[in-house]
Amino acid sequence: MSITKTKSYTLGLRCRECLKEYPIQPHHVCEDCFGPLEAVYDYAAIKKVLTREKILSRKHTMWRYQELLPLDQDPTVGLEVGYTPFYRSRRLAQTLGLKELYIKNDAVNFPTLSFKDRVVAVALSKAKEFGMNIVACASTGNLANSLAANAAQAGLESYIFIPADLEQGKVLGTLVFGSHVIGIRGNYDEVNRLCSEIADKYGWAFVNINIRPFYGEGSKTYTYEILEQLGWRAPQHVVVPMAGGSLITKVKKAIKEFYDLGLTEDASTKMHGAQAEGCGPIVHAVIAGNDLFKPEKPNTIAKSLAIGNPADGYYAIKAIKESGGWAATATDEEIVEAMKLLATTEGIFTETAGGVTLAALKKLIQSGHIPPDESVVLSITGNGLKTQEALVGKVGVPELIDAKLSEFDRIYKKP
Amino acid sequence: MSVIVRVPTPLRKLTNGQGEIPVNAKNIAELIENLEKNYPGMKARLCDDSGNVRKFINIFINEEDIRFKQNMQTTVKEGDDVSIVPAIAGGKRL
Ligand SMILES: Cc1ncc(COP(=O)(O)O)c(C=O)c1O
Ligand SMILES: [Zn+2]
């Protein structure tokens with residue numbers, strides 16, 4: 001790849017609420033109304049260059065859609081991220097009674113096994129464009145892993161703030177990359193509040209705070225890939241796990257962008273949101289018919305989704321409603337059941353967030369929000385090896401024998 | 001009742017740079033009216049056209065979001081700590 005792109009397609013930042021415009025800078029809140037800032041693109045220019053043929057001619061990474069990402073230069077971090085498996089499910093589809101079910105599997109995203117590698121790739125490439133050398137985040141775990149790994153590869157110093165009670169796999173999988181890891185006695189919402197103060201005071205590149213308008217855009221590539229891998233088609237339904245609510249709003253944005261650019265012919269996908277029952281402010285608002293959510297105090301094994309005061313909650317509710325989709329929560333038992341169901345029918349070991357998503361899909365089928373003969377994409381966004389605690393004692397233990405054939409004969413005969 | 005209100009950086013232009021200001025009020029609605037009296041322009045920054053607190057502003061009383069209490073009707077008492085916080089910034093001790 002060349003050092004500098006001939007052209008940048010990002011025009012600036014704009015407030016989503018009052019539409020006030022801002023230059024491209026590490027800044028995420030509107031000074032007038034406190035609304036979130038968003039990247040604005042020159043779609044007319046993009047339409048001229050980004051064709052199906054152009055995309056197909058490029059490497060199998062998230063950067064094959066790079067005109068739709070808010071960088072002014074070619075990416076410098078996370079060059080191998082994305083283009084994860086997408087395939088039609090047979091056994092899970094049968095079990096659920098669905099005619100056309102697809103799985104998009106970011107549990108095997110590179111390098112840290114979750115969709116967060118996509119947002120981090122954009123955020124760190126952007127932080128480098130800004131000349132910021134210390135990168136940081138507030139995280140429920142997956143973002144921590146991804147920021148730590150990608151910062152290590154990029155040679156950036158990183159500070160990572162997490163709730164102190166995260167799963168061991170997530171903590172270890174952050175420390176190993178040599179980051180400064182700070183565990184906070186408190187939940188994610190408290191971690192996030194502290195981080196905004198630190199971002200203000202120290203001026204670091206907090207990827208999900210002051211770099212947020214750029215960071216969030218990276219997750220659009222999850223959906224671009226779905227659309228491309230489905231044969232330049234939009235599915236009728238997609239079920240998406242929600243924490244801060246960013247991913248689901250970017251699913252909506254990606255579907256609309258591809259449609260507007262003429263890359264797909266349809267944009268009527270219904271978006272369905274999934275959260276844990278013990279932390280479901282967005283789902284609870286959708287079900288109650290409210291436009292605004294009420295913050296909740298998280299209590300769930302789905303720690304990666306345990307955000308009680310979601311930054312994009314308002315827009316997530318709006319995206320779900322406007323698309324004609326719906327929402328469902330999962331209890332801890334339902335999450336574990338669903339993790340086991342995905343494993344035993346599809347051979348995919350997903351984390352608790354994936355359990356939430358599949359459990360929600362089951363409920364949406366039962367309630368009639370997802371009809372059995374329509375096309376559905378199940379979003380698997382994280383890997384089960386990171387949340388093993390959730391399954392301890394829930395999947396049995398190996399049978400123990402001596403290394404003797406007679407011993408095996410004995411247990412085999414009475415299975 | 002006199003309570004201390006913590007004002008986030010972007011609103012301090014209206015308070016002559018002060019980050020903590022005492023205000024007399026018995027509930028949040030009255031607190032906003034009295035802020036407006038002392039610091040004209042404040043209400044328009046905090047509330048939308050229909051008079052509700054803006055979507056992207058959170059108000060905390062003693063560390064508790066007023067949406068967990070009675071919103072605008074939440075009562076305040078002598079010595080309470082009220083913080084106005086931009087929602088996206090997420091910070092409440094600004
Ligand atoms: C595995 C996984 N899936 C989904 C999400 C939800 O992302 P968002 O905060 O964009 O709603 C997260 C967030 O941490 C996550 O870790
Ligand atoms: Zn604005």
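1. In this predicted model, A:Arg52 and A:Glu265 form a salt bridge, with 3.5 Å between the closest N and O atoms. The two residues lie 213 positions apart in chain A and so connect distant parts of it: A:Arg52 sits in helix 2 (residues 52-56), and A:Glu265 in the loop between helix 10 (246-260) and strand 11 (270-276). A:Arg52 counts as partly exposed because its relative accessibility is 25%, while A:Glu265, at 66% relative accessible area, is exposed.

2. A second pair joins A:Glu228 to A:Arg64, and here the closest N and O atoms are 2.5 Å apart.

3. The salt bridge between A:Glu225 and A:Lys104 has its closest N and O atoms at 2.7 Å. A:Glu225 is buried, because its relative accessible area is 0%; A:Lys104 likewise counts as buried at 0% relative accessibility.

4. Shared partners connect some salt bridges into one network, made up of A:Glu38, A:Glu217, A:Lys220, A:Lys250, A:Lys253 and A:Glu257.

5. For the overall count, a search of the whole structure gives 33 salt bridges over all chains. The pairs A:Arg52 with A:Glu265, A:Glu228 with A:Arg64 and A:Glu225 with A:Lys104 are among them.

Key. Residues numbered from 1 in each chain as written. Chains lettered and ligands numbered in written order. Predicted model: local features only at pLDDT ≥ 70, side-chain atom pairs only at ≥ 80, totals over all residues. Heavy atoms only, no water. Salt bridge = Lys/Arg side-chain N within 4 Å of Asp/Glu carboxyl O. Helix = DSSP H or I, 4+ residues; strand = E, 2+ residues; numbered from the N terminus. Buried < 20%, exposed > 50% of the residue type's maximum accessible area, 1.4 Å probe, protein only.
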